[in-house]
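Trainee: I've got a new model open on my screen and I'd like to learn how to read it. Could you walk me through some features?

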Amino acid sequence: MQLIEKIISIVAPHICLGCGLEVNRLVCEACVQEITPVPSRCYRCKAVTDNYATCDQCSQQTPLKQVLVLAHHDGLARKLIHHLKYGRAQAGSREAAQLMLGHLDYLDEGLLVEVPTATSRVRMRGYDHAVLLASELADLSRWQQSSLLARVGQTQQMGSNRAKRLRQLESAFRPIHADRISGAHVILVDDVLTTGATLETAARILRRAGAKRVDAIVFAQA
């Protein structure tokens, strides 16, 4: 979180998105218990697996080995992400990262890499929420964070089905800092998982660029 955001949260405390109380965070300690956890399962078919691993059948169609999901994209979880992305509440990145932190125990340590947002949206918001989320998670976990993907074009995937998203995303990313990618265990960081097309495309690009393994951690799954 930027210094100015920390100062604002002290001078003008946030209103809890759940109960409406004036507190120093977007979701108070009591209301955070309402965020529905997601059990360990394959992110694609929802079959129960250990440690959020991709099931044997789905692993033949995706380069992602594990996709850790903290919450269902509803209720307070949805409100928190909405305020982070559309309400200029950058403090939400810290709160989301704090909730995601425990899930890193399911993974071997790796390089945290955000899934970059379209530059048009970054300009509109004044920040990239995915960068904030990855940076906060790195700060809390003491794992390394690096930007290894650049966004190409302004394609938006909101509302698209899986097949259309995959077509749109074919040329949406390009790898950067090839020396950091080669042989690395990369952990993609994003806010919401919908069809999985974005994560899978990013993972394929990183694998082709030399990443040894690609996993992912997201705050919520729709």
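Predicted model: local features only at pLDDT ≥ 70, side-chain atom pairs only at ≥ 80, totals over all residues.

Trainee: Is threonine 54 buried or exposed?

Mentor: Look at the relative accessible area, and remember that under 20% counts as buried. Threonine 54 comes out at 9%, so it is buried.

Trainee: Which residues does threonine 54 touch?

Mentor: Leaving out residues up to four places away in sequence, threonine 54 touches Cys42, Tyr43, Ser59, Thr62, Leu64, Lys65 and Gln66. With leucine 64 there's a detail to look at: its backbone oxygen lies 2.8 Å from a polar atom of the threonine 54 side chain.

Trainee: Gln66 was in that list. Where does glutamine 66 lie?

Mentor: In strand E3. Glutamine 66 has a relative accessible area of 10%, so it is buried too. Its side chain is joined to that of arginine 213 by a polar contact of 2.9 Å. Among the other residues that glutamine 66 touches are Asn51, Tyr52, Tyr106 and Asp215.

Trainee: How many aromatic pairs does the structure hold?

Mentor: One. Tyrosine 52 and tyrosine 106 form it, with 5.1 Å from centre to centre and 75° between the planes, and that is edge-to-face. Tyrosine 52 is in the loop between E2 and E3 and tyrosine 106 is in the loop between H3 and E4, so the pair ties together parts that are 54 residues apart in sequence.

Trainee: Which residues of H2 are buried?

Mentor: Leu76, Ala77, Leu80, Ile81, Leu84 and Lys85. They cover an arc of only 165° around the axis, so they are on the same side of H2. Their cover includes strand E3 (64-72), helix H3 (91-100), helix H4 (119-125), helix H5 (129-141), strand E7 (185-193) and strand E8 (213-221). Just after H2, arginine 88 takes a positive phi of about 55°.

Trainee: Can we zoom in on alanine 77?

Mentor: Alanine 77 is in helix H2, and its relative accessible area is 0%, so it is buried. Apart from neighbours within four places in sequence, alanine 77 is in contact with Ile35, Ala71, His72 and Phe219. Alanine 77 and valine 32 are 45 residues apart in sequence, but C-alpha to C-alpha they are 8.8 Å apart in space.

Trainee: What about H5?

Mentor: Use the same check. The 13 residues of H5 should span 18 Å at 1.5 Å a residue, and its end C-alpha atoms are 18 Å apart, which agrees. At the N-terminal end, aspartate 128 caps H5, with a side-chain oxygen 2.9 Å from the backbone nitrogen of alanine 130. The buried residues of H5 include His129, Leu133, Glu136 and Leu137. The buried residues of H5 pack against H2, H3, strand E4 (111-114), H4, E7 and E8.

Trainee: Why look for nonpolar residues together?

Mentor: Because nonpolar side chains tend to be buried together in soluble globular proteins. Here, the largest nonpolar core has 37 residues, and those with the most contacts inside it are Met100, Leu137, Val189, Ile217 and Phe219. E3, H2, H3, H5, E7 and E8 each supply at least two residues of this core. Apart from it lies another core, of 28 residues, including Val69, Leu149, Ile181 and Leu199.

Trainee: And the whole chain?

Mentor: The chain has eight helices and eight strands. Of its 222 residues, 51% are buried. Among contacts with a separation of 6 or more, 72% are between residues 24 or more positions apart.

Note on methods:
Residues numbered from 1 in each chain as written. Heavy atoms only, no water. Buried < 20%, exposed > 50% of the residue type's maximum accessible area, 1.4 Å probe, protein only. Helix = DSSP H or I, 4+ residues; strand = E, 2+ residues; numbered from the N terminus. Arc of directions from axis to C-beta. Contact = heavy atoms within 4.5 Å. Core = buried A, V, L, I, M, F, W, Y, C linked by side-chain atoms within 4.5 Å. Polar contact = N/O pair within 3.5 Å; in protein donor to acceptor, adjacent residues only side chain to side chain. Expected span 1.5 Å × (residues − 1). Phe/Tyr/Trp six-rings, centres within 6.5 Å; stacked < 30°, edge-to-face > 60°.
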